[in-house]
Amino acid sequence: MDDVPHHVHERRRYPRPPAPAPTPPRSYPSVAIALGSGGARGLAHILVLEALDELGVRPTAIAGASIGSLVGAVYAAGMPARDLHAMVLSLLHNRGEVMKRLFAARVGRIADLFGGLGNPVLLDAELFVEGFLPDIVPATFEELAIPLQVVATDYWDRGEAVFDSGAIRPALAASVAIPGLIRPVPHGERVLVDGGAVNPLPFDLLRAKADIVIAVDITGGHAGETGGVPMPFDVMFGTLQIMASSIVGEKLKAGAPDILIRPNVDAFRVLDFFRATAILKASAPVKDEVKRRMEAVLG
C-alpha cells in the first residue's frame, strides 16, 4: 500500500453536517386603516400612508369617509403614497386647472342666488369625483388592490350607508357630498350625503379585519380664530366639523382603535386645498409618529 501513489488512496469521507433549518419568515400583525373626514385637512392622510409604505406595511383593509374615502380609493387602487403626494401637489399648485374642473362640475347658476332658487356654487358630486379622481382607480370595488369600505349618509333613513362592492365612483360621490357645497346623490331608492355626518372616522368597520387598527382623525380644532363672528361659509363648515368631532369623541369612549393619529391640521379650514403645501408641511411630523408607534407594536 505504501507504494501506491498518494493520489490514488481512497479519500476519507466525513459526514456532512445537517443543513441549517430555514429561517421562518417574520410574521407581522395585519394592519387596517381608517381615514377620516375633514376636507383639505385630509391631505395629511397621505403622509400617514407614506409612513406605512416606508415601513413596508401594506394595509389589509381601508375604510374612509368623505376626503378619507377619496384618498383611500386612490391608495387602494395601487398608487404608492409618495406618488399620490406628488400628484396632489402638482394639481393643487395649478389653480387654473382646479378651477376649470370645479366649473365643469358646477350645477348652480349665479342667477339662482338672486332668485332664491339655490346655491350658485353647488357642485354635482359625480362630476366632481370624475373630474378629480385619477384613472388608476378602477370602475368597481372588486378591482381594487386593497379592500375598501366607503361611508356615506342615507339622508331619509338618517343612518349610515357603507359601500364595499359594485361601482366605486357613485359611492365616493356620495361620501364627499358636503351639504351646501355638493348636491346629494340619488342611489337606487336612497338619497345620500357626506359620510362625515354619521361616521367621520370609521375605524369601527375594521375591528374584525386586522390585528391592528389605525385611525387618522382630522376633525378636531378650530381654524386658528378664537373670536369674532365667522363668515357664513366658515360657520357652515365649522359647524359640520364640530359635529364630526363630537361623534368621534363619543365613538372613542365606546372603544378606541389600536393607534389613533391626529395630524397637526387644526389651523386649516375645510376648503383650504390651495394651502396644500402648508398642510403637508404642518402635518409632516406625523410620519415619524406613525413609524415610532408602528415599530413599538411590531417589535
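1. Helices α1 and α10. The crossing of α1 and α10 is right-handed (right-handed if the near helix is turned clockwise from the far one by less than a right angle, left-handed if anticlockwise). Helix α1 covers residues 44–55 and helix α10 residues 286–298, and their axes come within 8 Å and cross at roughly 45°. That angle makes α1 oblique to α10. Axes here are lines fitted to C-alpha atoms, for helices over the stretch in contact, with angles from 0 to 180 degrees between N-to-C directions. On the naming of angles, under 35 degrees is roughly parallel, over 145 roughly antiparallel, 65 to 115 roughly perpendicular, and the rest oblique. From α1, Leu-47, Val-48, Glu-50, Ala-51, Leu-52, Glu-54 and Leu-55 take part, and they meet Val-286, Lys-287, Val-290, Lys-291, Met-294 and Glu-295 of α10 (contact means heavy atoms within 4.5 Å).

2. What we're looking at. This is a predicted model, where local features need pLDDT of at least 70 and side-chain atom pairs count only at pLDDT 80 or more, while totals for chains, interfaces and linings use all residues. Residues are numbered from 1 along each chain as its sequence is written, and side-chain values use heavy atoms, with hydrogens and water left out.

3. The chain overall. The protein chain has 10 helices and eight strands (DSSP runs numbered from the N terminus: helices are H or I with at least four residues, strands E with at least two). Of its 299 residues, 46% are buried (buried is under 20% relative accessible area, exposed over 50%, partly exposed in between, with a 1.4 Å probe and protein chains only). Take the contacts between residues at least 6 apart in sequence: 76% of them join residues at least 24 apart.

4. His-85. This residue is found in helix α3, residues 81–92. His-85 counts as buried because its relative accessibility is 18%. Leaving out residues up to four places away in sequence, His-85 touches Ile-46, Leu-47, Glu-50 and Leu-280. Leu-47 and Glu-50 also turn up in the α1 list for the meeting with α10.

5. How many of the eight residues of α7 are buried? Eight of the eight, so this helix (residues 168–175) is largely enclosed by the rest of the structure. The buried set is Ile-168, Arg-169, Pro-170, Ala-171, Leu-172, Ala-173, Ala-174 and Ser-175; do note the arginine in there. The axes of α6 and α7 come within 8 Å and cross at roughly 110°, so the two are roughly perpendicular to each other. The crossing of α6 past α7 is right-handed. Ala-125, Glu-126, Val-129 and Glu-130 of α6 meet Arg-169, Pro-170, Leu-172 and Ala-173 of α7.

6. Aromatic pairs. There are two in the structure (rings of Phe, Tyr and Trp, the last by its six-membered ring, pair if their centres lie within 6.5 Å; planes under 30 degrees apart are stacked, over 60 edge-to-face, the rest tilted). Phe-128 and Phe-132 have ring centres 5.1 Å apart and planes at 45°, so this pair is tilted. Both sit in α6 (residues 125–132), four residues apart, about one turn of the helix. Phe-128 counts as buried at 17% relative accessibility. The other pair is Tyr-155 with Trp-156, centres 4.8 Å apart and planes at 80°, so edge-to-face. Tyr-155 is partly exposed at 38%, whereas Trp-156 is exposed at 60%.

7. Charges over rings. What sits over the ring of Tyr-155? The charged end of Arg-158 does, 4.8 Å from the ring centre. The charged end of Lys-251 sits over the ring of Phe-203, 4.4 Å from its centre. The test is NZ of Lys or CZ of Arg within 6 Å of the ring centre and within 35 degrees of the ring normal.

8. Backbone spots to look at. Most residues other than glycine have a negative phi. Arg-158 has a positive phi of about 55° although it is not a glycine; this residue lies in the loop between β3 (148–154) and β4 (159–163) and is exposed at 59%. Ser-66, not a glycine either, has a positive phi of about 55°. Ser-66 lies in the loop between β2 (61–65) and α2 (67–76) and counts as buried at 5%.

9. Arg-269. Its place is in the loop between β8 (259–261) and α9 (276–282). Arg-269 counts as partly exposed at 31% relative accessibility.
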